Amino acid sequence: MKANTLLSVFTPKDTKFFPLLKETASTMVRAAILLQELFDCSDEEQKKELYKAIKVEEVKGDKVTGSILKALNATFITPFDREDINALTDSMDDVIDVIYRVSHKVQLYSPEKLPECTTILADIIHKGSLEIRDSIDGLENLKKTNIGFRRHYKEIKRLEEEADAIYEDGIMELFHKETNPTELIKLKEIIQELEKGANKINNTGKVLKTIFVKYA
Amino acid sequence: MKANTLLSVFTPKDTKFFPLLKETASTMVRAAILLQELFDCSDEEQKKELYKAIKVEEVKGDKVTGSILKALNATFITPFDREDINALTDSMDDVIDVIYRVSHKVQLYSPEKLPECTTILADIIHKGSLEIRDSIDGLENLKKTNIGFRRHYKEIKRLEEEADAIYEDGIMELFHKETNPTELIKLKEIIQELEKGANKINNTGKVLKTIFVKYA
Amino acid sequence: MKANTLLSVFTPKDTKFFPLLKETASTMVRAAILLQELFDCSDEEQKKELYKAIKVEEVKGDKVTGSILKALNATFITPFDREDINALTDSMDDVIDVIYRVSHKVQLYSPEKLPECTTILADIIHKGSLEIRDSIDGLENLKKTNIGFRRHYKEIKRLEEEADAIYEDGIMELFHKETNPTELIKLKEIIQELEKGANKINNTGKVLKTIFVKYA
């Protein structure tokens, strides 16, 4: 499909999928912001509130995802291939799910002290979610000349490589320094889950890249 | 599809899928009963027998699932959408697989003492599997007026919420009280796997809800 | 499809899928050989090199897999059902991914001493990968009389049963003998990941069996 055909379908006809995709992206960004606050927070009561707020976003995410699936089933013409819309939705929902699981583990395990790598990983997830949201905003005006779009998924890939390095150092340090086995078990799972978050963001970046290559 | 058209296809024509779906559900219920017995049992020899009996059900489950897939490929007209039959089969098979994995871990790890939450979670899985089986029995006479069917998936959802609460308390207590790291590792995995079981039952409940909304 | 029709499509027309499937299989075999060397190796510097070499194979695996998917999308006639080519590709890619994850964990965790079961499991993965490669080589001349092909997937199944037994003994021994919780955590994950490798090889064997039953 050529860019102009695509655009003609996109604007102004599609009033269904872009708003829903944007809503999913916003939910993801809100969850990511709350996650970063959770890792910056030292007050137990406030941490609990942040966990609950993330849970709220996770439920919202499920609902929007459901609406997109319903809309896909009910719509004959979609702004781009239904499998791409589907993959995009699923991959963002995966990010939200992992963010929720991280916060749930922090809440359940309440480790004595969170190592520095967790704050950095939460920050990477936050940054990655912003890149995704901006890409989604750019989908409506997808053109080959749109260097911005390309920049987003390159930045997402770079963030994942950064996350990988932080994760590796974090895990190695944990095994070397943490002498309390209970804390070791708790922190290992939290760090691994955070790394999965960066991974899921990168998956979304790959879907965005596919869409760019296909339609722009 | 209207209820009467559906019924006319269901009864008496479909002699293939309902028996197979019922067989899968029975296998799942038997596995769940054995799992509960396993968590109520204190004799090591008997535990091993229960584990082996669950393994037998798991193999049976795989076979019935395979038969359903084969039947789907060989049949042009199915009592309801093939994707729904597929999802229903897969989700029940997932439940059986998790039940098997729980029993395998109990067998392999043989923890010194199983905390109370494990017995409660096994009981919830058992109850949930009965709800699923009764729903499957009700599929042949699916009507909007069938309040029973609706009651089943609501109860399944309630059971999952109960399981979540039990799981959370169980994990928190484990981390607070268990001082032996080896036991901590063993029990954490067993409790997490049990929670996954309740989760997979809830997934089946969601599929059943979809079918009810679509066809009844 | 009869064997001769299949063969007529296979030879000499298909110049696309067989080379790519063979390349995937070779990548998997190379990764498996490196993995076994890793578990036989005691020098830390050399271990790191082996890990890096496996990473290279993993990246190659991703690329070939991508090429197969692209070729599937661009080709109307395929030597056998696209879902089978897809399943075969995915399952081999899964094997490569698990091999990479095992090596990554060995690298990150650097456990003090690897128990014997890890070497045996790595050996089983190596043997299994050779069986798969030989099966893939045989796909071009698939005939009912081809006892060799059947022998491969039977051997793969036998290897998985062997791996299961080794895994079970290994885990039980680990929990009984390992008194250092940090080492216990590290080794448990490595052993579990190795077992997953044998499992993924068996999945590939199942796909190969399906293809044999369907086309030979």
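This is a predicted model: local features need pLDDT of at least 70, side-chain atom pairs count only at pLDDT 80 or more; totals for chains, interfaces and linings use all residues.
1. Ser103(C) is located in helix 4 of chain C, the helix spanning residues 82-109. With a relative accessibility of 0%, Ser103(C) is classed as buried. Leaving aside residues up to four places away in sequence, Ser103(C) is in contact with Leu35(C), Leu38(C), Tyr51(C) and Ile54(C). Lys63(C) stands 40 residues from Ser103(C) in sequence, and their C-alpha atoms are 20 Å apart.

2. On the cysteines, the count of disulfides over all chains is 0. For Cys117(A), the closest cysteine sulfur belongs to Cys41(A) at 18 Å, and a bond is excluded because that separation is too far. Cys41(C) likewise takes part in no disulfide, the sulfur of Cys117(C) being its nearest cysteine sulfur at 18 Å. As to burial, Cys117(A) has 10% relative accessibility and counts as buried. Cys41(C) is also buried, at 14%.

3. The arrangement of the copies deserves a separate comment. Chain B is superposed on chain A by a rotation of 120° with 0.0 Å of shift along the axis, at an RMSD of 0.0 Å. The two copies are therefore related as by a three-fold rotation axis. Within chain B, Pro181(B) has the C-alpha nearest this axis, at 3.6 Å.

4. Which surfaces do the copies use to meet, the same or different? Of the interface residues of chain B, only 20% are also interface residues in chain A, so the copies meet through different surfaces.

5. Since Lys214(A) belongs to helix 7 (residues 181-215) of chain A and Asp84(A) to helix 4 (residues 82-109) of chain A, the pair ties together parts that are 130 residues apart in sequence. Lys214(A) is partly exposed at 35% relative accessibility, whereas Asp84(A) is buried, with a relative accessible area of 6%.

6. In chain C, a salt bridge is formed between the side chains of Arg30(C) and Glu57(C), at 3.1 Å from N to O. Arg30(C) lies in helix 2 (residues 17-40) of chain C and Glu57(C) in helix 3 (residues 44-74) of chain C, so this pair ties together parts 27 residues apart in sequence. The relative accessible area of Arg30(C) is 33%, which places Arg30(C) among the partly exposed residues. Glu57(C), by contrast, is buried at 6%.

7. A further salt bridge in chain C pairs Glu83(C) with Lys214(C), the closest N and O atoms being 3.7 Å apart. This pair links distant parts of the chain: Glu83(C) is in helix 4 of chain C and Lys214(C) in helix 7 (residues 181-215) of chain C, 131 residues apart. Glu83(C) counts as exposed, at 55% relative accessibility, and Lys214(C) as partly exposed, at 35%.

8. Finally, which residues make up a network of salt bridges? The members are Arg101(A), Lys105(A), Glu189(A), Glu193(A) and Lys196(A), together with Lys188(B).

Technical notes
Residues are numbered from 1 along each chain as its sequence is written. Chains are lettered from A and ligands numbered from 1 in the order in which they are written. Side-chain values use heavy atoms; hydrogens and water are left out. Helices (H or I, at least four residues) and strands (E, at least two) are DSSP runs, numbered from the N terminus. Buried means under 20% relative accessible area, exposed over 50%, partly exposed in between (1.4 Å probe, protein chains only). Contact means heavy atoms within 4.5 Å. A disulfide is a pair of cysteine sulfur atoms within 2.5 Å. Copies are superposed by least squares on the C-alpha atoms of residues with pLDDT of at least 70 in both. A salt bridge is a side-chain nitrogen of Lys or Arg within 4 Å of a carboxyl oxygen of Asp or Glu.
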